[in-house]
Amino acid sequence: MNFLAHLLLSHHNQNLLIGNFIADEVKGNQYKNYSTEIANGILMHRFIDNYTDTHQNVLECTKILRPHLSKFSPVALDIFFDYFLANQWQQHHESNLEIFTLNVYATLKANENSFPERSKYILKYMTEQNWLLSYADINGIKKVLTGMSSRSKYGAILNGSEIYLKNHESELKHNFDIFFKELKSEIVLTDWVNL
């Protein structure tokens, strides 16, 4: 999953949200260097990633994209899933997406001094380019994918890959809806604050 889903699943808990945001830059057991709740957010992020990577409906989506995007299929799919989430936001959150993103940015900016350097760098561009809100629009998805393609040595294949979202939208969204409902249920079963 990409940023929007991870942050949504933090359920209004500031420390879980921080942990979810920085998790990709916290390797191995380095999570133990953080407070218990932030560490739990990091572990939550890892759980979400593992659950996503092994879910049958996600694997089906990857299979749809693989002929077009090869090993970059899961990368593009993460972005496509945030597009679907953003476009049915009211089904998942009580505030609108713009208010949610502003609150997330404020929380992260207020705590960035404790972030890994790479997370600070990502936050800078996320807020300047308003990534979270841009996921709701196909042109925003295009910009995100173009940016990702330029940052990866072999990622040029991602440039223009929003066309595959358009071409396969119905089937991808169907699989996303099943998967995300089940993921939310799995998240609820664990008390992430008090692991």
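**Aromatic pairs in a predicted model**

Student: Is Tyr 51 buried or exposed in this predicted model?
Tutor: Tyr 51 has a relative accessible area of 16%. Buried means under 20%. Tyr 51 is therefore buried.

Student: Which class does Phe 47 fall into at 27% relative accessibility?
Tutor: The buried class ends under 20%, and the exposed class starts over 50%. At 27%, Phe 47 lies in between, so Phe 47 counts as partly exposed.

Student: What kind of pair do the rings of Phe 47 and Tyr 51 form?
Tutor: Their centres are 6.0 Å apart, and their planes meet at 25 degrees. Planes under 30 degrees apart count as stacked. So the pair is stacked.

Student: How many residues separate Phe 47 and Tyr 51 in helix H3?
Tutor: Helix H3 covers residues 36–54 and holds both. They are separated by about one helical turn, being apart by 4 residues.

Student: How many aromatic pairs does the structure hold?
Tutor: Phe 47 and Tyr 51 form a stacked pair. The total for the structure is 15.

Student: What is the geometry of the aromatic pair of Phe 3 and Trp 131?
Tutor: The distance is 6.1 Å centre to centre. The planes lie 35 degrees apart. Stacked needs under 30 degrees and edge-to-face over 60, so this pair is tilted.

Student: How many residues apart in sequence are the parts that Phe 3 and Trp 131 tie together?
Tutor: Phe 3 lies in helix H1, residues 3–8. Trp 131 lies in helix H8, residues 131–134. The pair therefore ties together parts whose separation in sequence is 128 residues.

Technical notes:
Residues numbered from 1 in each chain as written. Predicted model: local features only at pLDDT ≥ 70, side-chain atom pairs only at ≥ 80, totals over all residues. Heavy atoms only, no water. Phe/Tyr/Trp six-rings, centres within 6.5 Å; stacked < 30°, edge-to-face > 60°. Helix = DSSP H or I, 4+ residues; strand = E, 2+ residues; numbered from the N terminus. Buried < 20%, exposed > 50% of the residue type's maximum accessible area, 1.4 Å probe, protein only.
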